[in-house]
Amino acid sequence: MDFFSSEVRESTNEEIIHPILKEAGVTVSLKREDLIHEHVSGNKFRKLKYNLMEAKKLGFETVLTFGGAYSNHIAATAAAGKIVGLQTIGIIRGEELAKNLGHTLSENDTLRFASDNGMELKFVSRAIYKQKTSKSFIETLKKEFGFFYCIPEGGTNNLAIQGCKEILTDQDAVFDYICCAVGTGGTISGIINASLAHQQVIGFPALKGSFLSDEIKKYTHKNNWSFIEEYHFGGYGKINERLIEFINRFREEQNIALDPIYTGKMMYGLFDSIQKGIFTKNTRILAIHTGGLQGISGMNKKLGKKKLPLIKI
């Protein structure tokens, strides 16, 4: 990993010790992708790595991408662009956020971080944001910003899949199952492509919707994967006290922080599935920690307004 030189660390597998696992007779290790870089961690580093290398190779000076107000991808793109010397533009969903930008940046840690790292923010309405993949909208953006290298929302494209293949290494051949959270489908597609013949890959979607299977089939031709779909907690970005309690208890017991949007839901679902006896005795499971911890502060502000328990950071 020489893209960010000495700033990038190899991820390690950390075995989770827990009575539920001992009783079931299975082992679970967590691949600490969250620790590979301070600001461009987890699957965001993997997805951006080859995209930014391609942008530099093609001579672009600017990268443009899309995201919501608390997007891990927006924060990571801003940080990575600064590191490699590329200007960054973020097209942000929610035109109301631009009405008092100073207030927005003071209240939103993600957007403030992106701005502090040099990202130019353009806020658009939700209706316009839905056009983010249309050629006409991209052409409109080119007229406004000039030529740029475009990375899709969430970062998923063929180069991102290439990067996500590198999540698995030779040491991971000992595992029977690989589990990860699913957002746009890019991370799990790379993992599927890198998986071995004896391995099964299980995705835990973080949002409702049946479109994910079709997305994954665009990037992989293997059939050794499946979804466990009942742990999205109502949809993307939605959580409840049960999930908060699990995340906080996991932090206390394992000294590992989980984000509430992706890895927290995946680990909750994995533990619940193990308790339900889905995995046979002596099964070896590798779960992928995809990072995203920067979003906890924003989630806690939402929880505070609803007078719900906070996630411990």
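This is a predicted model: local features need pLDDT of at least 70, side-chain atom pairs count only at pLDDT 80 or more; totals for chains, interfaces and linings use all residues.
Residues are numbered from 1 along each chain as its sequence is written, and side-chain values use heavy atoms, with hydrogens and water left out. Helices (H or I, at least four residues) and strands (E, at least two) are DSSP runs, numbered from the N terminus.

**The four-strand sheet**

- Here four strands line up as β5-β4-β3-β6 in an open sheet with parallel pairing; two strands pair if DSSP finds at least two bridges between them.
- Its edge strands, each pairing on one side only, are β5 (120-124) and β6 (149-150).
- Strand β4 (residues 87-93) is joined to β5 by five bridges in the parallel sense, with I89 opposite E120 and R93 opposite V124.
- Helix α3 (residues 72-84) packs on this sheet and touches β3 (62-67) and β4, its direction making about 165° with that of β3. Contact means heavy atoms within 4.5 Å; axes are lines fitted to C-alpha atoms, for helices over the stretch in contact, and angles run from 0 to 180 degrees between N-to-C directions.
- On the other pairing of β4, six bridges tie it to β3 in parallel, and V63 has T88 as its bridge partner.
- Together, β3, α3 and β4 form a right-handed β-α-β unit: with the strands pointing away from the viewer, the path from the first strand over the helix to the second runs clockwise.
- Five of the seven residues of β4 are buried, where buried means under 20% relative accessible area, exposed over 50% and partly exposed in between (1.4 Å probe, protein chains only).

**A closer look at T65**

- T65 sits in strand β3 and counts as buried because its relative accessibility is 0%.
- Its side chain makes a polar contact of 2.7 Å with that of H73. Such a contact is a pair of N or O atoms within 3.5 Å; within protein, one must be able to donate a hydrogen and the other to accept it, and residues adjacent in sequence count only if both atoms are side-chain atoms.
- Beyond its neighbours within four places in sequence, T65 touches several residues, including I74, T77, I91 and P152.

**The six-strand sheet**

- A second open sheet runs β1-β2-β10-β7-β8-β9 with mixed pairing.
- β1 (13-16) and β9 (225-227) are its edge strands, each pairing on one side only.
- From one strand to the next, the twist averages 25°.
- Strand β8 (residues 200-205) and β9 run parallel, joined by three bridges, and G203 stands opposite F227.
- Helix α12 (residues 263-275) packs on this sheet, touching β1, β2 (27-32), β7 (177-182), β8 and β10 (284-289), and its direction makes about 165° with that of β10.

**Helix α13**

- Among the buried residues of α13 (residues 296-305) are I296, M299 and L303.
- The buried residues of α13 pack against α5 (109-116) and α11 (241-254).
- Just after α13, K307 takes a positive phi of about 60°.

**Cysteines**

- There are zero disulfides in the structure, a disulfide being a pair of cysteine sulfur atoms within 2.5 Å.
- For C164 the closest cysteine sulfur, in C180, is 8.8 Å away, too far for a bond; C164 is also buried, at 0% relative accessibility.
- C179 likewise has its closest cysteine sulfur in C180, at 8.0 Å and too far for a bond, and C179 is buried with a relative accessible area of 0%.
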